[in-house]
Amino acid sequence: MKIQNPRSRAYKIFSIIVLVVLAILFLFPLYWIITGAFKPAVDIYNSKPVWWPTEWVTTNFQNLFKKRTAPLFSFFGLEGPVAPGAFRWLINSVFMAVMAMILTCITAAMAGYALAKKRFMGRALLFSLIVCAMALPKQVILIPLLKEMSALKLYDTLWAVIFPTVGWPFGVFLMKQFSEGIPGEILEATRIDGASEAKTFVTVVLPMVKPGIGALAIFTFINSWNDYFMQLVMLASGENYTISLGIATLQAETTIDKGLLMAGAALASIPIITVFLIFQKYFTQGITMGAVKG
Amino acid sequence: MKLKKVLALVLAMVMTIALVACGNKNDPAPSTPDPAPSTTPDENKAPDSEPAADPAGATEISLWVYPVGGWGDEAKVKELTDAFTAETNIAVKVEYLAYADGDDKVNAALSAGEAPDLILEGPERLVANWGANGHMVDLSDMLDDTDKSELIEAALTPCINAAGEMYEYPMCMTAHCMAINLDAFKEAGADQYVDLTTHTWSTENFFKAIDALYAHYGQTVAAVFCAGQGGDQGTRALVNNLYGGTYTNADHTAYTWDDPKNVQALTELRDAQGIDYDASLAGGDEITKFYQGVLKMAFCWNSAQQLNPNSANTGEGKTVTGEEIVYMNFPTPDGSPAELCGGIWGFGIFDSKDQARIDASKQFIKFMCDSAHTADAVAASTFFAARTAAEGTDLSKIFDSELLNEYASLMLPNLGDYYNVIKGWAAQRTEWWNMLQKIGAGEDVNASIATHMAAANAAAQ
Amino acid sequence: MAKQPQSKMSRALQRRENVAGYLFMLPSLIFFLGFVVIPMFICIGYSMTDATMHQKTATNFIFFENFITLFQDEVFLKGLWNTFIIVIVSVPAVCAFSLWVSSAIYKLNGPLLSAFRCIFYLPVVTGSVAVTVVWKWMYDNYTGILNSALTNMGILEKGINWLGDPKTALWCIILILFTTSVGQPIVLYVSALGNVDQTLVEAAQVDGATDLQVFWKVKWAQMMPTTLYILVITTINSFQCFALIQLLTQGGPNHATDTVMYYIYYTAFKLTEQAGHFGYANAMGVVLAIFIGLLSALQFKLAKEK
């Protein structure tokens, strides 16, 4: 391409070295989780860190599975077989994050389109409200939400965690920014062709904001998965725990069995990491095109 | 393209499983306290798999347990509740709390009006906190004269408030103590400072031992843990016993942390090289560090820990590497037995305003605390029974363990004043560990005590 | 459109826009109003009372008393300061770091690029609780790998009580927050750098611009929208550090890691004996909401100007 001067080559080598060191540091927690999950008790309780398990054992997982149990699923009074609680927590987490993701994407895509392209009354006011509430942490409305959920009979259900996530207006903001990019002429043309509003939205708008939906889906999924706070406050019974809450509860107990905790952490992270690695391309593509156009 | 299809398939599968798994989340949980008294609880319970054999009573109650010895162990608890269900047809849904965030969870549930029916913990929470604030049901009607004679006075008194309302029915008890790693003591030549027959030592010898250990190991050998409230009885007892200070005044109306004896203890603990005020450890962490052999003594100890250190099932009275653990009194100025903090655990009932559920809960308490099954319930906790006999069964000999019997004769008589029933106990806890953190961070001892004692006293008014 | 003369036609059109607009907004509005706006109003209402969680105490209306106490409460002010530090440190640090990493890796060949991208993204998908659990072990004062490694390498003479020392605790939290925040920005910057208009870059090079100049004058300008998006999501992320604090330090030592968000929770469910603790917690919520609302509005204003 072009001639590189020695200084820029030195910089390049330097940056590769730094990158490799950083990569090792970033990988380290995961390495520590996985090896920790398979270490025998003597390694776990060794007062000096053990870098590699002296022996690979599954005792930690066995302990974790024995520690708490819950029906694998429950469906209108029909209860699944009793299984290790961690499996139920994992299922709950997936349900919660997927549900929050889907609801957010649908509602935000519609609202974002309306805010960007419909000149309805009160639009400016609504939009400024949304902008102001965008970064609000949920702790602010902790007590009212708790009261509200109990009044709606949603306390101790996953919906109590899902609904506030869907209500969070960041998605609407993001989708509005994306919808701005839809050329007005196309919408006009569809309207002249006699398409209904709904049809216009589904056939014209949705395909055009697809990258935005991808970005939002990933953002919502991860945020919801990590929303330990709402889970802590809203979920009371073990069978409604999410995997994050379950592990955190195990950590809080007086017996501090690091091996068991690492097994839990491994169980919580490996499935989602696997999904991430398999669909890595889509993950990164989705966000990639998700850059706001202005 | 192919990948897309796989993705769609996986997503669809996940969704189906998830929907199936959580489809009933909209149903009001059977254990939900119903704010509308017009609906009978039975209607809610009808779809439950458990057939309603007792039409008059509730068919499911909920119980939240703190990890009181073996009562934190699901397998053990399930055996007990299954026995109860078999006898009464009342199902029990158990949730397991941790000390680190259990209070938060109960408080959140209370705020949502969805507290459990039953809870297992001690008077400092049941009587001094939730009871005093009007959340609990008075259980005094469960006591007859036989019960009063059978229940150990030290266990019963804290469960009843000044107005005679009883918010906890005691089940088991112990005396909290401390422990030393005897092998480490021997190696450092510090075993000369402890009396191994009476398990006592003097304050002077305690500090000598600390110095000897520090000289030998060159690192922190004991930690005044203060990351949170977990295990705070250990730090309280240590500070009070060192120079004979008190925690509250005699009638439990105000805190006396600024007692010069406490100030001296707190200062000397800070100045001792081998001791560290550690704001990264709570009681449970300290136990683990002691069990690992890092710390040479633990201030958060009791009979259940001695029986099964760190709940790790690696042998009675042994650290992970097999070193010998000896339980000890806290050091006192003259080396006499210490005033130990008591652990008195039992059940309380949250007021759901639903008589059927309250009655069912009382049945549960009777079953666990005063029946032929009490021996099993107490044995599960690995603590000592809070009464001498229950319905004719002698409870003093439920353990076939030399260690526990020795502990009962050596340590239980040393139970000190149970001051935990002072008003505002929950507020005091946060003040105490925050104060220790400040002292540990090098702030002036007197000033730190003054600030936090004032805040604690404000809550005690 | 609305500025046109109000003919009959345009009024009909306006009505149509209103109906369509609100129908599209409806699903989102139900959730937004129901679970954000209405609770916010209830929160404001609560903030002027001395409500508690207890049944035995009656609730009184006390106007702005909570707010007055609040600004004399040292712990709250410290929490406000810590919140500010977290945002002011982590947001620019995440942006700068991810920009540097992306510019260093975006020209690498395919597999290497995606390997790096994955590695930096891993802490995000590992989940904050799982990450926290392992970091807690790594930070451990006595048996943690960090102290052990640093003392063995001779960097430290004596281990540091990372989470137990008021001087280091907040930085430990920020470090974890940092590692779980850079994943997305790196992915975004890599693609933004890849999408930079090459003709402009070449034109600048022909004009004799240095690499650095090309970067700032051409590429940086084109990546502005991405940067703004990253600023917004990183700010949101920084406010989500509750799990780290609850699981690592519970606000300690000596309130060194208390944020306003954590202190609200702490007041609501831990300081239950404090008179009017629910009202007080809500008052904090209102103050925080005002600060954050202003911050978001400011960010958006800046975004619009660019």
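Me: Which residue is the bridge partner of Thr174(B) in β9(B)?

Reply: Two strands pair if DSSP finds at least two bridges between them. Strands (E, at least two residues) and helices (H or I, at least four) are DSSP runs, numbered from the N terminus. Here, Gly343(B) in β9(B) is the bridge partner of Thr174(B). This is a predicted model: local features need pLDDT of at least 70, side-chain atom pairs count only at pLDDT 80 or more, and totals for chains, interfaces and linings use all residues. Residues are numbered from 1 along each chain as its sequence is written, chains are lettered from A and ligands numbered from 1 in the order written, and side-chain values use heavy atoms, without hydrogens and water.

Me: How many bridges join strand β4 of chain B to β9(B)?

Reply: There are 7, and the two strands run antiparallel. β4 spans residues 169-181. β9(B) also pairs with β3(B), in the antiparallel sense, over 4 bridges. There, Phe347(B) in β9(B) partners Leu120(B).

Me: Is strand β9 of chain B buried or exposed?

Reply: Buried means under 20% relative accessible area, exposed over 50%, partly exposed in between (1.4 Å probe, protein chains only). In β9 (residues 341-349), 9 of the 9 residues are buried, so the strand is largely enclosed by the rest of the structure.

Me: What is the mean pLDDT of strand β3 of chain B?

Reply: pLDDT is the predictor's confidence in each residue, from 0 to 100. Among the elements of chain B, β3 (residues 118-121) has the highest mean, 96. Helix α2 (residues 41-45) has the lowest, 38. Over residues 13-55 of chain B, pLDDT is below 50.

Technical notes: Contact means heavy atoms within 4.5 Å.
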